[in-house]
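Biologist: Let us go through this structure in questions and answers, beginning with a term.

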Amino acid sequence: MKKLLISLFVACGFALSALPASANEGGYPWDKFPEEKMTDMAALQNGARIFVNYCLNCHSAQYMRYNRLHDIGLTDDQIKKNLLFATEKVGDTMKTTLDPKQAKDFFGATPPDLSVIARSRAEIGKGSGADYLFTLWRTFYRDDSKPTGWNNLAFPDIAMPHALWQLQGERRAVFTEVKDEHHPGKTEHRFERFEQVTPGAMSEIEYKEAVGDLVAYLQWMGEPAQGTRLRIGVGVLLFLGLLIVFTWRLNAAYWKNVT
Amino acid sequence: MAEFKDISPNASATEKLANWFNNRYPSAGGFYKAHMSEYYAPKNFNFWYFFGSLALLVLVIQIVTGIFLVMHYKPDAAKAFESVEYIMRDVPWGWLVRYMHSTGASAFFVVVYLHMYRGLIYGSYRKPRELVWIFGCAIFLVLMAEAFMGYLLPWGQMSYWGAQVIVNLFSAIPFIGPDLALLIRGDYVVSDATLNRFFSFHVIAVPLVLLGLVAAHIIALHEVGSNNPDGVEIKSTKNDKTGMPLDGIPFHPYYTVHDLYFAAVFLFIFSAVLFFAPEGGGYFLEYNNFIEANPLKTPPHIAPVWYFTPFYSMLRATTDVMVYVFIAVIAIAAVLAILRGGFRSGAKIAIAVAAVVAVFLLKAFDAKFWGVVVMGGAVLILFFLPWLDRSPVRSIRYRPDWHKYVYALFVFFFLVLGYLGSQPPSAGGNYVSQVGTLVYLGFFLLMPWWSRLGTFKPVPERVTFSAH
């Protein structure tokens, strides 16, 4: 039996080391989203503000109710005063006023609903959806060959223009042509660095913080119950840990006389 | 009919109630004795024997959470995705119920795979337990159908395209295929009609079959009694006075407390996933499934959920080249059987004819069809295990040491197939999964031969047991 288990473990270890790396890798690598923002109420609230002011014009979050923002510490009054603009009620879901058909004409693609965007954009072996969004919002650059005049490293040929450009300012990307090691005669278009063209309303550090807040909000909105889930989870595991001890001793008490 | 018993008017209320009940349902006590308090199970069960009762626990979790999900879910292509998000956000504790159900689906396959592996290494399928094994295999098959149909219901991109791919497989069956696929879908593509029928099957038809099979599995088990890690028949050594097996122990209370203990351990692990990683790293809830189904947009990479991936790998491994490998294998097997098998001349001719027909059929139909056959065969072959295994002992403990490496190789390739099935196709991966497919099929098809080879160890009269 032991031999069998050992050989199984060895086999599994071998399997893991011998397998080809995940084929999902590729493209621009994602930065790590600062997870600690998920427990920072001020960050989440600021993220909600940015979301409503900048994203909700074109994108909806049709499964998300305004009054769910209670969970990140906002009151009905605060929501009404700061986040509702037209005829919405606090119990409504976040809908955009942009007509999807028009949007398709404007951008060439319908802006996707953002309710679960942070969950859907994760990739096994590459990172979480938050990592992706955190990278996306910091890799826009000017590209005159695109219809909107904008391009993105994390999402090449993105249809969306840089909605936060006033905050970040305009940047251009510097690429170099590198010889491809695997294909002689071919060159690889490799990203080198960004260059600021016009200054934004925020410094680079301020902008990074703001994007972090926005992504924290998007991540939270993907599953508003996540904070509750983690909190309850700790209690459940403590209870079950205790139950294991009791059932273990109960079992031992019954079996002690079995010979 | 049992005799109607009167009870003294001075008896306690509890006794009176028990007597009233016994007079009207006398077999209830017998049922309890036969399956619980006087069902003798071998006392040397080890770690591997927890997974049967855990499967039952997960079944209950799935049914109960399923009942609550159906209260809020809408089986409508226009509303299904939305209603799942509604459950996750607006239904009180909806997120918990939904995660229990989605994590439960994966947990079900984890415990069932481990339960089957236990049966495999200890020879639990051997005479007289063939029926127990066959009912179990049927449960596995039905469970796959249940999981597959349930996966369509959230109506995400993977739900939709996964269903599209799998239902399309049926259209590869010669002659009836296209009509069969149409019958399953109820439409020419996966659509609202498909969602509605899958919902019906998932919540009522298949669970009914599943429950019936589980009952048959347990009754069949209790008729013949459990096997154990030594593969020794405990009924052959009985107490002279009581007639009870010396190495047996009443299921209740001994194994109920035993299973209770491990159920707590299981629930701890289950809850750790449920509360802290409900997406299972993208394997339990695939990330793409958070995008609503779009019939006009095929995702670049369609991967089934992890528990189907070993079989999906085998399907993908069956290419045109692989069909030639099958032809070569059949030719070699036929030549060996004719030259070395020691058959009479009539049988030799029959083997040659069968081989020629098999080769002809392999080339007559598309490789895609044979992929479906391999995938289905990989599951169906399990049913025949009791007759494929010819080893003189049941348990791996008393088999030649090198048998353990055969099992390890089998498990290794099963895991590799599972991994590769979750990955986009690649040339190297495909080659490895072809080897894996041959190992998987060879393990079973050659079992009548290899399971007899080697020096077997003496099997003890009684089970090996040391007091806890």
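Modeller: A residue is buried if 20 or more other C-beta atoms, placed from the backbone, lie within 10 Å of its own, exposed if 12 or fewer, and partly exposed in between. This is a predicted model, where local features need pLDDT of at least 70, side-chain atom pairs count only at pLDDT 80 or more, and totals for chains, interfaces and linings use all residues. Residues are numbered from 1 along each chain as its sequence is written, while chains are lettered from A and ligands numbered from 1 in the order in which they are written.

Biologist: Is A:Ala130 buried or exposed?

Modeller: A:Ala130 is found in helix H6 (residues 129–136) of chain A; helices are DSSP runs of H or I, at least four residues, numbered from the N terminus. Because A:Ala130 has 27 C-beta neighbours inside 10 Å, the residue counts as buried.

Biologist: Which residues is A:Ala130 in contact with, leaving aside neighbours within four places in sequence?

Modeller: Contact means that two C-beta atoms, placed from the backbone, lie within 7 Å. A:Ala118 is 12 residues from A:Ala130 in sequence, with 5.5 Å between their C-alpha atoms. The contacts of A:Ala130 are A:Phe33, A:Ala118, A:Val215 and A:Gln219.

Biologist: Which element gives the largest share of the side of chain B that touches chain A?

Modeller: Here 46 residues of chain B are in contact with 44 residues of chain A. Elements giving two or more residues to the chain B side are H4 (80–89), H10 (251–276), H16 (401–421) and H17 (427–445) of chain B. The largest share, 14 residues, comes from H10(B).
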